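This report describes selected features of one protein model.

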Amino acid sequence: MSIKKHLNFDSLRQAFSDLLYQTDDPRQKTKVGYKLHDVVMSGFACMFLQCPSLLEFQRRMSGWFGRNNLQTQFRITDTPENTAMRDCLDQVDSQLFSPLFKNYLTRLQRGNQLKQYQFLPGMYLLPMDGTEYFSSKKLSCDCCLQIPSRTGVVTYSHKVVQAAIVHPSIKQVIPLMPEAICNTDGTGKQDCEINGAKRLMQRVQKDHPRMTFIRTGDSLYAHTPFIKETLEQGDHYLFAIQPGDHKTLTKALKSVVFSEHREVDDKDRKFTYEWIEQQSLTADSESIKVNVLRCRLTTIDKKTQESKTTFIGTWITDLPINEENIAHLVSGARARWRIENECFNTLKNQGYEIEHNFGHGKKNLSFNFYILTLLAFFTQQIADLCDESYQAARKKMGTLKSFWQDVRALFNRFLYESWYKLLEDVTYNTHTYIMPEPTG
Ligand SMILES: [Zn+2]
């Protein structure tokens, strides 16, 4: 089965180009050097290839051949210098990128790729989490959060609430447009994240009114206002709770009898699942009722035959719980780690270099680089999910690191008509690049 036409690299890149050409350039009134499209797409290419020297290499290639790979593969007419790209990206309104996340998700839907993510009929798991992607005591911009220490030293940072569609048995995650946690948000850290999450979900509702989500998250989200909003918006929830954050409920759970279900997996690990429905979340007489589920794992040491029990977690949900679905629900609650592992860690590993190499900017640069890194990651997740040429090339090179090293080496040295020609050379060790006559 070949990749659906609207999910290949060229179509995704074209959708991005279309969006940029439709956008008003904020700099139009003054003298503009490079087109908005070329600048933003260059930023995307740098993140996609994870190469801070990309623009220099490609400008050099243009000098030799009159063309370069940013032209042939990313349709960039004029390759900007790093400084020009950075200055322009700093001015770009981050909301510009929001429609692209929606566009890519719709393409996955049309390409029949989203269906497999259904966790319950018609429902998708949506873990949400706050993450800090920048922190410094020296560098700062207008959009930085400022946290003063007792000694008066200010720590500057950028945080977002990130949500992604995940499934416990699928490695790839589908990120949604992140929501920045702004310094005008509230006073406490928790206030900020939860307000960011509210704004995020209002936008998700607007963008995807027909989708139903099971929102998952840590105990920060497991409070009445956010739960009420979740239900009002037609979604469901599956949030972790903590004894420290949920004292009333934790105390009440000590004197109730849970229903129990046990399962042994193929590694001889014993899972004990427990649940009870219709418990009051708070001490308030008007408190909302929640269904509670918890899980513990018992393993037996092969040498000593001693058994060890690990407590896995306690969650609350509005979904009905029974013997048939409890193991599945717990797997859904636990799939939250996918957003941490697959999404944040990849971004942090890639993003660190970017911040280090491109600077912080004065206004929107930092958040725009985060979004471009996320879009590059999204494009790669789609390829990983359904692009056979990409999958073959990835498989050939073993680790992700060596794959990208090889791609970068070819991209910066040889001129290719397309991304797929380059992938062909990675996979089959052929020489499909073009060697036009040097112009100079
Ligand atoms: Zn900043």
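Two strands are said to pair if DSSP finds at least two bridges between them. Helices (H or I, at least four residues) and strands (E, at least two) are DSSP runs, numbered from the N terminus. The structure is a predicted model, in which local features need pLDDT of at least 70 and side-chain atom pairs count only at pLDDT 80 or more, whereas totals for chains, interfaces and linings use all residues. Residues are numbered from 1 along each chain as its sequence is written, and side-chain values use heavy atoms, with hydrogens and water left out.

**Strand pairing**

Strand E9 (residues 259-264) runs antiparallel to strand E10 (residues 270-280), and six bridges connect them. Within this pairing, histidine 261 has tyrosine 273 of E10 as its bridge partner. The two strands form a hairpin with five residues between them.

Strand E12 (residues 307-317) is joined to strand E8 (residues 236-240) by three bridges in the antiparallel sense; here phenylalanine 239 is bridged to isoleucine 316 in E12. E12 also pairs antiparallel with strand E11 (residues 289-300), over ten bridges. In that pairing, threonine 298 has threonine 309 of E12 as its bridge partner. E11 and E12 likewise form a hairpin, with six residues between the strands, in which glutamine 305 takes a positive phi near 65°.

**Residues with positive phi**

Aspartate 268 lies in the loop between E9 and E10, and its phi, near 65°, is a positive value in a residue other than glycine. Glutamine 278 belongs to strand E10 and has a positive phi near 55°, again in a residue other than glycine.

**Accessibility**

A residue is buried under 20% relative accessible area, exposed over 50% and partly exposed in between (1.4 Å probe, protein chains only). The table lists the values for selected residues.

| Residue | Relative accessible area | Class |
|---|---|---|
| Cysteine 141 | 9% | buried |
| Histidine 158 | 5% | buried |
| Threonine 79 | 10% | buried |
| Aspartate 268 | 54% | exposed |
| Glutamine 278 | 52% | exposed |

**The zinc site**

Donors are N, O and S atoms within 2.8 Å of the metal (3.2 Å for Na, K and Ca); water is not among the atoms, so sites may look incomplete. The zinc ion has as its protein donors Cys141 (SG), Cys144 (SG), His158 (NE2) and His360 (NE2), at 2.0 to 2.3 Å. Along the sequence, these donor residues follow the spacing C-x2-C-x13-H-x201-H. Cysteine 141, in the loop between strand E2 (123-136) and strand E3 (145-148), and histidine 158, in strand E4 (residues 154-167), are 17 residues apart, and the pair links distant parts of the chain.

The arrangement is tetrahedral because the four donor atoms subtend angles of 102 to 131° around the zinc ion; four donors count as tetrahedral if all angles lie between 85 and 135 degrees.

**Surroundings of threonine 79**

Threonine 79 is located in the loop between helix H4 (69-74) and helix H5 (82-91). Its side chain makes a polar contact of 3.0 Å with that of asparagine 68. A polar contact is a pair of N or O atoms within 3.5 Å; within protein, one must be able to donate a hydrogen and the other to accept it, and residues adjacent in sequence count only if both atoms are side-chain atoms. With contact taken as heavy atoms within 4.5 Å, and residues up to four places away in sequence not counted, threonine 79 touches Tyr34, Leu55, Gln58, Arg59, Asn68 and Leu70.

**Domains**

Domain bounds come from an automatic or database domain assignment. That assignment gives domain 1 (5-96 + 357-428) and domain 2 (240-324). The centres of domain 1 and domain 2, taken over C-alpha atoms, are separated by 46 Å.

Note on methods
Four donors count as tetrahedral if all angles lie between 85 and 135 degrees; four count as square planar and six as octahedral if opposite donors are over 155 degrees apart and all others between 65 and 115; anything else is irregular.
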